[in-house]
Amino acid sequence: MADTKKYISKEELKTHNTVGDLWISIQGKVYDVTDWGRRHPGGITPLLSLAGKDATDAFVAYHPGVVWNRLDEFFTGFHLKDYSVSGASRDYRKLMYEISKMGFFEKKGHVGFVTLCAMAAMFSTCIYGVLGCNSTWAHLGSGALMGLFWIQSGWIGHDSGHYEVMMNKGLNRFVQVLSGNCLAGISIAWWKWNHNAHHIACNSLDFDPDLQHIPFFVVSSKFFSSITSRFYERKMNFDHVINLFAQSWLLLLSKRTVPNRVQEILGLLVFWIWYPFLVSCLPNWWERLMFIVLSFCFTGIQHVQFCLNHFSSSVYVGPPNGDDWFEKQTHGTLCISCSSWMDWFHGGLQFQVEHHLFPRLPRSQLRKISPFVQELCKKHNLPYNCVSFWKANLMTLATLRAAALQARDLSNPTPKNLVWEAVNTHG
């Protein structure tokens, strides 16, 4: 019987890779998501990263089974010619099916509730420490505790962006805005825009915004040529500074489509009312300054954790390739080994490979599926890098040091003697 299906080649599919002409392939069927891109809950950026390519693994990772029913409305009628699946991707999709069948995605545990209770206790203690105590040490301790409070706020905000930590979407949205906008001053809309791009294009120098922190943190000498950021849509000059507070406002005040823009702005205003007011209640400028410094220094621990998971891993230039999306996730991530009683400190991100392969999986289930992921990586000769927190810091510092030395050599290529090298080598 003759095959009545219509086919297009991979080369022809690649030509449909713009905002105005955006096609993707999922399990060999070709879909036109041009119009859907503007309404896509995850934003158009992830779609553009995989435009004109096979997006099956990424689609499987980010969408529950019920979403598959909506694909037919975008079907072009074409199938991808010579469509094939690698052994790693085939086994990954099989593991995803088995995990779903066991109900792991629905078993959220009590992590969300416990985290919110801990946050309430920490925030109340901070308020009492500032308003109810006259001791300088109590004020400084409250500043440090505020930083630790922001860390837990960040974890619950992160979780709520990947899956519903509450009983329904309305409560989940409330927790997102509360933990991100109101309590931390970071727009949850900006975070979603940034974080979705990071997950899809993990460790791509020009597509992953989580690596674009020049000039302070540079993980590759390729940044020295001022590569173009496909996320920020501009050249990354080696003199640009990125601030999370500023990025939130820049997005919300831009012409980009931002869901619930007014709600997001109001949430940020809440933060910029209560935090400066709380600081102003301290008795003198020295204590106010130290409160701010301590709160941001302690919450900086969380930013260190984010850096550890990716800075020392493999990087590449260009968009992710749908044919090896699964492999790219394992190459670009680093897990942190720790005991289960320390899971609260790492927010589940110590299982970074598992989190990137199964981003919708609740934090409480990551440790349970880790053996299956390690077995899958071993079977297909893929890296599953896992080191201690201390070793991860050393690896990250080594990566930054190597880039710093390359920057020094480029800025002053004149050979120096050994004494000069000993005095001027830092990192």
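I began with charges over rings and found Lys6 over the face of Phe78, 5.0 Å from the ring centre. I count a charge as over a ring if NZ of Lys or CZ of Arg is within 6 Å of the ring centre and within 35 degrees of the ring normal. I also noted Arg360, whose charged end sits over the ring of Phe105 at 4.4 Å from its centre.

The model is predicted, so I took local features at pLDDT of at least 70 and side-chain atom pairs at pLDDT 80 or more, while totals for chains, interfaces and linings use all residues. I number residues from 1 along each chain as its sequence is written, and side-chain values use heavy atoms, without hydrogens and water.

Next I searched the whole structure for aromatic pairs and got 24. Rings of Phe, Tyr and Trp (its six-membered ring) pair if their centres lie within 6.5 Å; planes under 30 degrees apart are stacked, over 60 edge-to-face, and the rest tilted.

I looked up Tyr31 and Phe75, a tilted pair with 5.9 Å between centres and 55° between planes. Tyr31 is in strand S4 (residues 29–32) and Phe75 in strand S5 (residues 75–80), 44 residues apart. Strands (E, at least two residues) and helices (H or I, at least four) are DSSP runs, numbered from the N terminus. Tyr31 is buried at 4% relative accessibility, and Phe75 is partly exposed at 28%. Buried means under 20% relative accessible area, exposed over 50%, partly exposed in between (1.4 Å probe, protein chains only).

I then took Phe123 and Phe149, a tilted pair at 5.2 Å and 35°. Phe123 lies in helix H5 and Phe149 in helix H6, so the pair ties together parts 26 residues apart in sequence.
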